[in-house]
Amino acid sequence: MLFQNITGQTAIKQKLIQSVQDNRVSHAQLFYGPEGSGKLALAIAYAQFINCRNKKVPDDGTMDSCGSCPSCIKYNKLVHPDLHFIYPVATTRKVSAKPKSRDFVTEWRNALLENQFRLSLNDWHKAIGIEKKQGFINTYDCSEILRTLSYKSYESEFKVMVIWMVEKLHHAAAPKILKILEEPPEKTLFLLISEQPDQIINTIRSRTQLVRIPKLGDMELEETLIKQYDASAEEARKTALLANGNLIAAVRIIQQVEENTFLTDTFIRWMRLCYKLDISDLNNFILEISRLGREKQKNFLNYASGMIRNCMLINYSISSQARMNEEEFEFLKNFALVINEKNLVRIAEEIDKAQYHIERNAYPNITFMDLSLTLTKLLRQ
Ligand SMILES: [Zn+2]
């Protein structure tokens, strides 16, 4: 992660870069700030910068990592042998006892690399399948910290230990790492990340240098949404207002809107093809749907089911109770003419049935073709 790829936080970046140039990198630092402010990305960019062998001054005059020396290349993929992460975990189906960060390292790397190093605690819990539990940093991970730091560093100048969401550290386990946090081995850097610093056990917090990461400004969010997520200026402005300085939330909103537009367009296309019974176009359509992956197929059928129900609400003139946007209503108000009491229940049942088959690994192309042909009959009733 390069500093230049992180949204905003110019003053913090300058301060971090300066500390490296002045050779006064504090060995234990606590980056704290709200969700979506870029704490984790900044910590990783900082660690990468410290270890980069070819630091550069790009056109805008701010120093940054080169991104291409051997150390940077490993940092880019999060596989540097001297870069370690500790994060909240819990038992899962895969790890049924003594869970520790190392057991989830693949999920961790994927989650960070897929989301430009931006991750919320909820998204992390989802990524490892513990939505219904609470993740914690437990005593097994504290032992891991001691063990890992007892080895000499492999190749880089600094060995870096990032502890993400350190407020989730079990209070009973904390004493284990107090000593090493206070007097770490030479060339060891602790970067602690927190969203709720007041919940961190005091003996830990007092051993760190505090780095406050403020929430982002609306303009900074807008710029990122336009540049990195192809949002229109209007869409970016609205989203930034809703997201209130939280880039993770802003990206989620943009992606949901995008997803919804996709569902609407796909549904409209499908219903037209079914109604006209255009077999060759229908075939192409089903090929596309088959490539989507089961989660998306299920999601699409779920959406279709909701749209069919909305037709009935329109027919009974109670569309105010339906959840539709403008584009959906524009289509449904005409489409509702072919939905009546007779075919509604059957259509809903057929869609449910298809969903059931998709869940049980039926061939999606056969399932969707069957369903489409049945819908053609029912829509023409
Ligand atoms: Zn480099």
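## A tour from the helix pair to the cores

Begin by selecting helix α9 (residues 218-229) and helix α10 (residues 233-243), which pack at an angle of about 135° with their axes 8 Å apart; helices here are DSSP runs of H or I with at least four residues, strands are E runs of at least two, and both are numbered from the N terminus. Axes are lines fitted to C-alpha atoms, for helices over the stretch in contact, and angles run from 0 to 180 degrees between N-to-C directions. α9 and α10 are therefore oblique to each other, given that angles under 35 degrees count as roughly parallel, over 145 as roughly antiparallel, 65 to 115 as roughly perpendicular and the rest as oblique.

The model is predicted, so that local features need pLDDT of at least 70 and side-chain atom pairs count only at pLDDT 80 or more, while totals for chains, interfaces and linings use all residues. Residues are numbered from 1 along each chain as its sequence is written.

Now show the side chains between the two helices: Asp218, Leu221, Glu222, Leu225 and Ile226 in α9 meet residues of α10 including Ala233, Arg237 and Leu241, a contact being two C-beta atoms, placed from the backbone, within 7 Å.

Next, select the open sheet of five strands, whose order is β2-β3-β4-β1-β5 with parallel pairing; two strands pair if DSSP finds at least two bridges between them. At its edges stand β2 (83-86) and β5 (209-212), each with a single partner strand, so one side of each is left without a neighbour in the sheet. On average, neighbouring strands of this sheet are turned by 20° against each other, direction ignored. Within the sheet, look at β3 (residues 159-164) and β4 (residues 188-194), which run parallel and are joined by six bridges; Val160 has Leu189 in β4 as its bridge partner.

Then colour the largest nonpolar core, which has 57 residues, with Phe31, Ala43, Ala45, Ile163, Leu191 and Ile193 having the most contacts inside it. Such a core is a set of buried Ala, Val, Leu, Ile, Met, Phe, Trp, Tyr and Cys residues joined through C-beta atoms within 7 Å, where buried means that 20 or more other C-beta atoms lie within 10 Å of the residue's own. Helix α2 (residues 39-51) gives the largest share of this core, 10 residues. Centre on Phe31, which touches Lys39, Leu42, Ala43, Leu191, Leu192, Ile193, Val211 and Ile213, leaving out residues up to four places away in sequence. Apart from this core lies another, of 26 residues, among them Phe285, Met307, Ile347 and Leu375.

Notes: A residue is buried if 20 or more other C-beta atoms lie within 10 Å of its own, exposed if 12 or fewer, and partly exposed in between; C-beta atoms are placed from the backbone.
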